[in-house]
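Please look over the structure below before reading on. The report then goes through it topic by topic.

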Amino acid sequence: MKAIAKKENIVSFSVPYPADKYDALKFYVEEKGGSIEDCMAESLEDWYRRKVPSGIRKYLDAKYEK
């Protein structure tokens, strides 16, 4: 996963999700040495790459590389 640049604005959000499913997912992910937050960040990054046009991604990448 790509590291977040220091200048990027970070947004936190929450979504409703059944507690039983969350507990099962957390157990499985932690058993494998990961975290829910890392999994979510990876999923959002994949979704971002699929949904946001490449021109906008290139612009944002250049903006944060300066």
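## A first residue

In which helix does Trp 47 lie? Trp 47 lies in helix α2. Helices are DSSP runs of H or I with at least four residues, strands are runs of E with at least two, and both are numbered from the N terminus.

## Model and confidence

This is a predicted model, in which local features need pLDDT of at least 70 and side-chain atom pairs count only at pLDDT 80 or more, while totals for chains, interfaces and linings use all residues. Residues are numbered from 1 along each chain as its sequence is written, and side-chain values use heavy atoms, with hydrogens and water left out.

The pLDDT is the predictor's confidence in each residue, from 0 to 100. Its average over the chain is 89, and 89% of the residues score at least 70. Helix α3 (residues 54-65) has the lowest confidence, with a mean of 91, and α1 has the highest, at 97. Where pLDDT is low, the predicted coordinates should not be read in detail.

## Overall build

The chain has three helices and zero strands, in the order α-α-α along the sequence. Of its 66 residues, 5% count as buried. Buried means under 20% relative accessible area, exposed means over 50%, and partly exposed lies in between (1.4 Å probe, protein chains only).

The chain exposes about 6,100 Å², and carbon and sulfur atoms supply 56% of this area. Accessible areas come from the Shrake-Rupley method with a 1.4 Å probe; for residues, only the protein chains shown count as cover.

## The salt bridge

A salt bridge is a side-chain nitrogen of Lys or Arg within 4 Å of a carboxyl oxygen of Asp or Glu. The count by this rule is one. Asp 46 pairs with Arg 49, with 2.9 Å between the closest N and O atoms. Both residues lie in helix α2 (residues 36-51), three residues apart, which is about one turn of the helix.

Asp 46 is partly exposed at 38% relative accessible area, and Arg 49 is partly exposed at 43%. Side chains of opposite charge can pair when their charged atoms come close.

Ser 35 lies in the loop between α1 (19-31) and α2. With a relative accessible area of 18%, Ser 35 is buried. Its side chain reaches the backbone nitrogen of Asp 38 at 3.1 Å.

## A nonpolar patch

Which residues form a nonpolar patch on the surface? They are Val 11, Phe 13, Val 15, Leu 44 and Trp 47, with about 540 Å² of accessible area together. Patch residues have over 30% relative accessible area and no salt bridge; like charges are joined within 9 Å and nonpolar side chains (Val, Leu, Ile, Met, Phe, Trp, Tyr) within 5 Å. Trp 47 is partly exposed, at 47% relative accessibility.

Technical notes. Polar contact = N/O pair within 3.5 Å; in protein donor to acceptor, adjacent residues only side chain to side chain.
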